[in-house]
Amino acid sequence: MEREAPQRRKAVFLDRDGVVNSDEGRYYVHRLPDFVLTPQLGEALRRLRDAGFLLIIITNQSGVARGAYTLRDVEQLHDALRERLSAHGVALAEVYACPHHPDHGRCLCRKPQPLLVQKALARFGIDPARSYFIGDRESDLETARRAGVAGILVASNRGIAEAVEGIVGGRLERGGVAGQANPAPTCEHAVRSMKRHLT
Ligand SMILES: [Mg+2]
Ligand SMILES: [Zn+2]
């Protein structure tokens, strides 16, 4: 009798600014007082955790390359984020940040390049076909498409509760075969569109 290969894990990738924390009226968020979590973030992430998803943040932080703040500032925010989320019983598997900016040299990790997502896929044994990327920009969706995960576009700073409901509650149907368009936008306020980008 053949042994079945162990099923790979699934993950929800999250953009940071505008999705995890509010960047409304803020530019280059890097100070703790400006780091305000979006509505119901802890509860939403907990639902994803309970549904078995790894939680991974993928963020462009070009303010580092531009000298607006340091990588240490970025790490301090992320330490604070982990602490706040732990109060909800939520742990992030990893936070990947690209500190580069195209004006200061090219890199391979800045979204919409998929390298940071691909690193996570490899490191944690994640199946992209069972995974999602929640972002508030087209570049997030493009990152998702290139990495082969389903992208969900949400309105900036409004919270991800509806997107999470879509994932956990099965309202964002991922059925169909690879290559078929399957938009199924059902959460019209928070989720402006969902695109299926499987290769
Ligand atoms: Mg964003
Ligand atoms: Zn980079």
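Read along the sequence, the chain follows the pattern β-α-β-α-β-α-β-α-β-α-β. That pattern is built from five helices and six strands. Helices here are DSSP runs of H or I with at least four residues, strands are runs of E with at least two, and both are numbered from the N terminus.

The structure is a predicted model, in which local features need a pLDDT of at least 70 and side-chain atom pairs count only at pLDDT 80 or more, while totals for chains, interfaces and linings use all residues. Residues are numbered from 1 along each chain as its sequence is written, and chains are lettered from A and ligands numbered from 1 in the order in which they are written.

The predictor's confidence in each residue is its pLDDT, on a scale from 0 to 100. The chain averages 87, and 85% of the residues score at least 70. Over residues 175–199, however, the pLDDT is below 50, although this stretch has 59 contacts in the model beyond near neighbours in sequence. Two residues are in contact if their C-beta atoms, placed from the backbone, lie within 7 Å. Where pLDDT is low, the predicted coordinates should not be read in detail.

Two totals describe the chain. Of its 199 residues, 40% are buried. A residue is buried if 20 or more other C-beta atoms lie within 10 Å of its own, exposed if 12 or fewer, and partly exposed in between, with C-beta atoms placed from the backbone. Among contacts with a separation of 6 or more, 64% join residues 24 or more positions apart.

Single residues show what such contacts look like. G135 is found in strand β4, which covers residues 132–135. G135 is buried, because 27 other C-beta atoms lie within 10 Å. Leaving aside neighbours within four places in sequence, G135 is in contact with D15, V19, D140, L141, G151 and L153. L14 is 121 residues from G135 in sequence, yet their C-alpha atoms are 6.2 Å apart in space.

A helix gives a second case. A120 lies in helix α3 and is buried, since it has 23 other C-beta atoms within 10 Å. Not counting residues up to four places away in sequence, A120 touches A11, I56, E94, Y96 and I126. A120 and A11 are 109 residues apart along the chain, and their C-alpha atoms are separated by 9.4 Å.

G52 can be set beside these two. G52 is found in the loop between α1 and β2, where β2 covers residues 53–60. G52 counts as exposed, because it has 11 C-beta neighbours inside 10 Å. V12 is 40 residues from G52 in sequence and 9.8 Å away in space, C-alpha to C-alpha.

Next comes a pair of helices. Helix α1 (residues 41–50) and helix α5 (residues 161–168) pack at an angle of about 15°, with their axes 9 Å apart. The axes are lines fitted to C-alpha atoms, for helices over the stretch in contact, and angles run from 0 to 180 degrees between N-to-C directions. That angle makes α1 roughly parallel to α5, because angles under 35 degrees count as roughly parallel, over 145 as roughly antiparallel, 65 to 115 as roughly perpendicular and the rest as oblique. On the side of α1, the contact is made by A44, R47 and L48, and on the side of α5 by A161, V164, I167 and V168. These residues divide into six nonpolar, no polar and one charged. In this grouping Ala, Val, Leu, Ile, Met, Phe, Trp, Tyr, Cys and Pro count as nonpolar, Asp, Glu, Lys and Arg as charged, and the others, Gly among them, as polar. The buried residues of α5 are E162, A163, V164, G166 and I167.

Some backbone angles also deserve a look. Most residues other than glycine have a negative phi, and most peptide bonds are trans. Y28, in the loop between β1 (10–14) and α1, has a positive phi of about 50° although it is not a glycine. N157, in the loop between β5 (150–154) and α5, likewise has a positive phi, of about 70°, without being a glycine. Y28 is partly exposed, with 16 other C-beta atoms within 10 Å, and N157 is partly exposed, with 18. G170, which follows α5, has a positive phi near 70°. The peptide bond from K111 to P112 is cis, with omega near 15°, and P112 lies in the loop between β3 (94–98) and α3 (115–124).
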